[in-house]
Structure formats: structure tokens, C-alpha cells
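Please examine the model shown below before reading on. The paragraphs after it form a guided explanation.

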Amino acid sequence: MLVLRKRVVLVIMFSATILGCAYRRSTRFQAEDCSPPKLIPSYGVNQLEISDPHPSCCPTSSSVEWVPPHEIAITQLTPDRIVGLSLQEAIQYALTNSPVLRELGGTILRAPQAVFTRNDPAIVYNDPRFGEEAALAEFDATLNSALLFENNDRRLNNRFFGNQGFFQQDLHNYSLGLTKRSASGTLMTVRGLTTYDSNNQLSNDIGPSSWEQIAESEIRHPLMLGGGTQFNRIAGPGAKPGQINGILIARIRTDISLTDFEKSVRDFVADVENSYWDLYFAYRDLEARVDARDIALSTARKLEGQSATQGSGDAAQAMEQYYRFESDVIDSVNGRPFDGTRTNNGSSGGTFRAGGGLRVCERRLRLMIGFPINDGRMIQPTDEPSVAPMIPDWQDACSTALLKREEIRRQRWIVKQREMELIANRQFLQPQLDVIARYRFRGFGKDWINQPANENAWRNMLGGDYQEWQAGLEYSLPVGLRRGYAAVKASQVALHREIQILQEQERNVVFGLSNSINETQRSFETLQLQERRLQEIVRQLQSLQAKSEAGQDPALDVLLETHRRLLDARIRYHQSRIEYSIAQRNFHFERGTLLEYCNVGLNEAISDAEAYEDAAVRIAGRGAIR
């Protein structure tokens with residue numbers, strides 16, 4: 001028998017060794033054994049084959065379009081192929097169709113983990129480690145149950161145990177209990193224990209088998225470390241120095257994630273507006289360049305007729321300008337893929353960058369609002385940039401920015417979190433002193449419930465014949481409290497750091513708000529001057545045309561230069577209009593009221609009615625105390 005057992009043990013050990021070295025065939029990197037990968041002779045390096053995911057595992061999104069980008073020509077635009085879109089409609093459509101808060105910097109491809117989505121606040125809230133539900137779960141009641149069965153067969157060196165030293169026993173233990181932690185740190189336990197014992201002890205009084213029934217309750221309350229609602233709501237039950245995860249800290253994490261979400265929505269709305277005005281300028285830029293090209297072509301054809309009779313080279317000079325304008329039209333239609341106006345490209349809300357081309361700007365707006373990238377139609381903005389004068393109130397703007405700016409509110413939450421962590425960590429400089437109270441009822445009998453009262457364990461326990469209690473104190477203190485002092489020092493330094501960051505952020509907010517007000521004034525004055533400049537150039541061109549009709553042809557260089565200056569003035573005029581409109585938007589961006597300015601509201605999900613009732617009672621109680 002001993003030899004057989006040894007062989008079985010060897011077989012089990014050998015099998016465990018083989019199974020421990022095997023890989024499942026479904027793993028991406030497969031191996032036949034535990035040896036290192038073999039060297040491939042042709043390369044002389046370790047090779048691991050990486051397979052692409054099967055299309056069935058990652059199906060192509062239904063939002064991917066297969067319409068080519070040049071399905072429609074700009075010169076063939078008909079009313080049925082033009083989609084008129086206002087700025088408010090663009091923002092509304094973008095927010096409705098954007099589960100991922102898009103941006104113009106390409107982060108979705110370079111660093112998708114840094115992109116914010118609608119689901120991120122819910123992920124933080126439901127985090128099983130640091131979320132609010134995880135923190136509340138520490139106070140949930142816990143049901144404990146156990147069913148244990150033993151069979152003992154022993155030889156003892158004492159004839160008084162068992163039957164002449166041979167002890168045989170069947171032992172069953174059944175337990176059922178409920179444990180609950182209160183907000184003040186008190187641990188309350190109620191449990192029932194049932195024991196069945198059947199053995200061959202010769203000195204048994206009521207036979208070979210017996211039942212024992214116990215019902216007990218226990219309370220353990222911390223008087224120093226771990227006690228009090230403040231500590232348990234900040235740090236949570238069972239917290240350690242530096243490991244603070246109470247419900248208040250979890251709620252602050254949720255508030256920070258909500259502020260991050262609001263900030264991402266703000267940047268998203270700003271980028272939608274940036275793309276909208278980029279596209280508006282692309283249309284105006286194209287119109288100006290097409291008109292300049294047509295004027296150059298008309299002038300060149302007129303001079304060609306004159307050069308045929310006079311032999312002048314003026315026609316070649318005019319055609320050179322026509323080809324130059326035609327090249328500009330091609331660039332204005334198709335554009336080049338460089339950065340347009342977007343957040344944090346000089347200013348927080350975005351500094352206007354002219355250019356990009358009609359097709360590129362139109363696709364950029366489609367990307368931001370969730371339209372198909374190519375669908376055979378062209379989006380055309382219907383809103384005009386604002387030209388109304390704006391006179392901001394500095395005192396109101398500054399106080400509002402320091403109160404509502406998302407970055408400031410987020411940093412204030414972090415400061416609040418560090419303050420709470422410092423309060424909790426200071427508790428770890430106290431010893432652990434717990435008061436314990438336990439009360440127990442016992443019952444003993446031949447049967448658990450079927451025998452008469454004096455022989456029934458359950459009824460015997462209910463009779464209260466056997467009662468026990470225990471009370472006392474438990475004390476523990478780490479000598480030196482090194483970890484506690486380190487946690488307090490770390491919390492103090494962290495709090496000081498966050499306060500310094502908050503102060504610097506407030507300075508930067510004032511800096512950005514000052515720049516936005518200055519930019520508003522500059523762009524409005526430039527807009528007025530560019531409008532007057534355009535009017536004067538138009539008057540000059542009309543004067544040259546009048547002279548030409550009267551038979552006094554102006555000098556060709558003057559005429560061509562006037563055409564170039566007309567083109568530049570038209571482009572600069574439209575650019576100044578958009579710069580002023582973006583400056584007004586950036587003022588609200590820096591002021592922290594961009595979402596209100598764009599009629600966008602954010603709300604958390606409505607809580608249960610009981611939560612509002614409980615909050616009302618607590619607020620009323622605070623008022624009574626005051």
C-alpha cells in the first residue's frame with residue numbers, strides 16, 4: 001500500500017509539471033513547452049509572430065463611408081447638393097452624435113486612451129476599486145456561512161481518551177452570521193453556531209452523539225483610531241496611512257471626472273465653432289479668388305485683342321497674373337492638410353488661422369459634428385460673423401472666471417481632496433483602542449430540535465439556562481508611528497503643492513482673460529479699418545474703370561496692382577470679421593461661460609426622491625444648530 005501511494009504521488013507531481021508548462025492553443029503567442037523560443041537561422045534573432053485580429057472579432061463600423069472625396073466638383077454645386085447649416089445647428093448635431101468628444105489634434109489615433117467620452121464619468125463612479133459604489137460597499141452588511149464536516153480517527157497515548165486510547169469522531173460545524181459596519185466605525189455581528197459531535201469517548205454522559213447550539217452578538221467600537229463618522233466617510237473602514245478611499249473622497253473623484261467631462265465638452269464645442277468659421281472663411285476666400293481670377297482673365301483677353309494690332313507684351317503680363325490667381329483658386333478649393341483653428345493653438349479657445357482650403361475645412365467640420373466624411377454634398381454655413389461692438393465688464397468677467405472656469409473648479413476639488421486626506425491621515429497618529437462587548441446563549445442536548453426541552457439543544461438555548469458575556473478593551477500602538485508621521489507629512493506637502501498650482505492657475509486665467517479682452521478690442525478696430533480699406537479700393541477700381549470707358553486706359557501695372565490689392569483687402573476683411581467673432585467667443589471661453597453662451601447645458605442623472613428628502617432634513621438640521 002505504501003509503494004502504491006508513492007507511485008500515485010509521483011504521477012500527480014509529474015502531471016502537474018507537464019500541465020504547468022503547457023500553453024492553451026487559443027493564446028496569441030503559442031508554445032509547445034517551457035523552453036525559450038528557438039533562434040531562426042535566417043535572421044539570428046528571436047521571433048514572435050503577431051497575428052492581426054480577425055474581421056469577425058472587430059467588424060468595420062457602419063459609420064465608415066465609401067464615397068470618394070471628389071465625388072462632387074465645386075463648379076457643379078446645385079441647390080440639392082448644398083447643405084445649409086447654422087452654427088447652433090452644428091453644435092446641436094455635434095453634441096447629439098458624439099459619444100466620443102472629438103478634437104482636431106489627432107489624439108484619437110495617437111493616444112486613444114487620452115480621449116474623453118460620455119462614459120468616462122460613469123466609469124469613475126462605478127470603479128470597483130475607487131468609485132463611490134466601492135466606497136459605500138464597505139458599509140454593506142455581510143452574510144457569513146460555513147458547513148464543515150470532519151472525521152477523526154486517531155491513536156492516543158492516553159487510555160482515558162476515546163476507547164482505550166483509540167479515538168473516532170464525526171464532527172459537524174454549521175455557522176450563519178451577519179456583520180455590519182456603521183458610519184461611526186462600529187462593527188456589529190450576530191451569528192449562530194451549531195455543532196454535532198459523535199465519538200466513541202467512554203466517559204460520554206448522554207450517549208455517543210450530542211448537539212450544541214450557540215447564539216451570540218458582538219459589538220466592537222473604536223474609541224480612537226478608526227472611530228467617528230468623519231474619519232470613516234473620508235478614509236473608509238480599515239484604511240491605512242496613505243490609503244484613503246472613503247465615500248467623500250470617492251465623491252470628489254466623481255466630481256473631478258464630471259469637471260473633466262465639462263471641460264472636454266467645452267473644448268469640443270469650441271472646436272466645432274472653430275471648424276465652422278474656418279469653413280465660412282474658406283467659402284469667402286474662394287469667392288474672392290474666383291472673382292480676382294475672372295477679372296484677370298477679362299483683362300488679359302482685352303489686352304490680347306490690343307496686342308494683336310499694337311504688338312504689346314501687356315497681354316503676357318496679364319495672363320501671368322491670371323495663371324497666378326488660377327493657381328490660388330485651385331489651392332483654395334482643395335486646400336492643404338495643415339492645422340486650422342483649434343483650441344490651445346495660441347489661445348485657450350483657439351486663434352484663427354486662415355487658409356486650409358474649402359474641401360479640407362468642410363471635411364474637418366464633418367469630422368467634428370459627426371457627418372459622413374464624404375457623401376456627395378457640401379456643407380455651407382448660413383450664419384454671418386458678428387460685427388456688433390462688445391464692451392466687457394472687467395470686474396464681473398474676472399470674478400466670474402475665477403468662480404466658473406473649469407480648470408479652477410477642478411483644482412479646487414483636488415485641494416479639497418488633499419485637505420480631507422490630511423484630516424484622515426492625522427488620525428493615524430492615534431493608537432488603536434477598541435471597546436468589545438459580546439453576549440452568548442448556549443444550548444446542549446441529545447438532539448437539535450426533536451427531543452424534549454431538557455434534551456433538545458435549540459430549546460435548551462432558548463430557555464436561557466446557559467449564558468455568557470465578555471467585555472473589555474483592546475489597545476495597539478506602532479512604536480514610533482513612523483508610517484503615520486510620513487503620511488501626515490506627505491499630505492501636508494501635497495496640499496501645499498495643490499494650493500500653489502491653484503494660485504498659478506488663477507494667474508493664468510486672469511492672463512488669458514486679459515488677452516481675450518485685448519484681442520476683442522484689437523479685432524474690432526481692425527475690422528472697421530479693413531472695411532474702410534475695402535471700400536476705398538473698390539472706389540479706386542471704379543475710378544479706373546470709368547477712365548477706361550472714357551478712353552483713358554490706366555497704366556497696366558496700376559490696374560493689375562489694384563486687382564491684387566482688391567483681392568487682399570477682401571480676404572483681410574473677411575478674416576478680420578472671423579477674428580472678431582472668435583475673439584468674442586474666446587472671451588466667454590476664458591470667462592468660463594462658453595457653454596451658456598452656446599446654449600449648452602449639462603446635468604447629472606436625477607437622484608432618488610429619498611436622497612433629496614434626506615438632504616433636506618440634514619440641511620434643516622444644520623440650520624437649527626446654527
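The text that follows treats strands and sheet pairing, then helices and their contacts.

This is a predicted model, in which local features need pLDDT of at least 70 and side-chain atom pairs count only at pLDDT 80 or more, while totals for chains, interfaces and linings use all residues. Residues are numbered from 1 along each chain as its sequence is written, and side-chain values use heavy atoms, with hydrogens and water left out.

Helices (H or I, at least four residues) and strands (E, at least two) are DSSP runs, numbered from the N terminus. Two strands are said to pair if DSSP finds at least two bridges between them. On these terms, 6 strands build an open sheet with antiparallel pairing, in the order S2-S3-S4-S5-S7-S8. At its edges lie strand S2 (142-155) and strand S8 (466-476), each of which pairs on one side only. From one strand to the next, the twist averages 15°. Within this sheet, strand S5 (residues 209-222) and strand S7 (residues 432-445) are joined in the antiparallel sense over 12 bridges. Here Pro 222 is placed opposite Asp 434 in S7.

A parallel pairing is found elsewhere: S1 and strand S6 (residues 378-381) pair in that sense over 4 bridges, with Gly 84 opposite Gln 380 in S6. Buried means under 20% relative accessible area, exposed over 50% and partly exposed in between (1.4 Å probe, protein chains only). In a regular strand the side chains alternate between the two faces of the sheet.

Thr 259 is part of helix H7 (residues 247-310); because its relative accessibility is 4%, Thr 259 counts as buried. Contact means heavy atoms within 4.5 Å. Apart from neighbours within four places in sequence, Thr 259 contacts Glu 406, Arg 409, Arg 410 and Trp 413. Gln 417 lies in helix H11 (residues 406-426) and is buried because its relative accessibility is 9%. Not counting residues up to four places away in sequence, Gln 417 touches Ile 249, Ile 252, Arg 253 and Ile 256.

How do helix axes cross? Axes are lines fitted to C-alpha atoms, for helices over the stretch in contact, and angles run from 0 to 180 degrees between N-to-C directions. Angles under 35 degrees count as roughly parallel, over 145 as roughly antiparallel, 65 to 115 as roughly perpendicular and the rest as oblique. The axes of helix H8 (residues 314-334) and helix H9 (residues 358-369) come within 3 Å and cross at roughly 10°, so H8 is roughly parallel to H9. Ser 332, Val 333 and Asn 334 of H8 make the contact with Leu 358, Arg 359 and Val 360 of H9.

For helix H10 (residues 394-404) and helix H14 (residues 556-591), the axes come within 7 Å and cross at roughly 55°; H10 and H14 are therefore oblique to each other. In this pair, Asp 396, Ala 397, Thr 400, Ala 401 and Lys 404 of H10 meet Phe 587, Glu 590 and Arg 591 of H14.

Helix H13 (residues 482-549) has 68 residues, which at 1.5 Å a residue should span 100 Å, and its end C-alpha atoms are 97 Å apart, in agreement. The expected span is 1.5 Å times one less than the number of residues. Just after H13, Gly 551 adopts a positive phi of about 90°.
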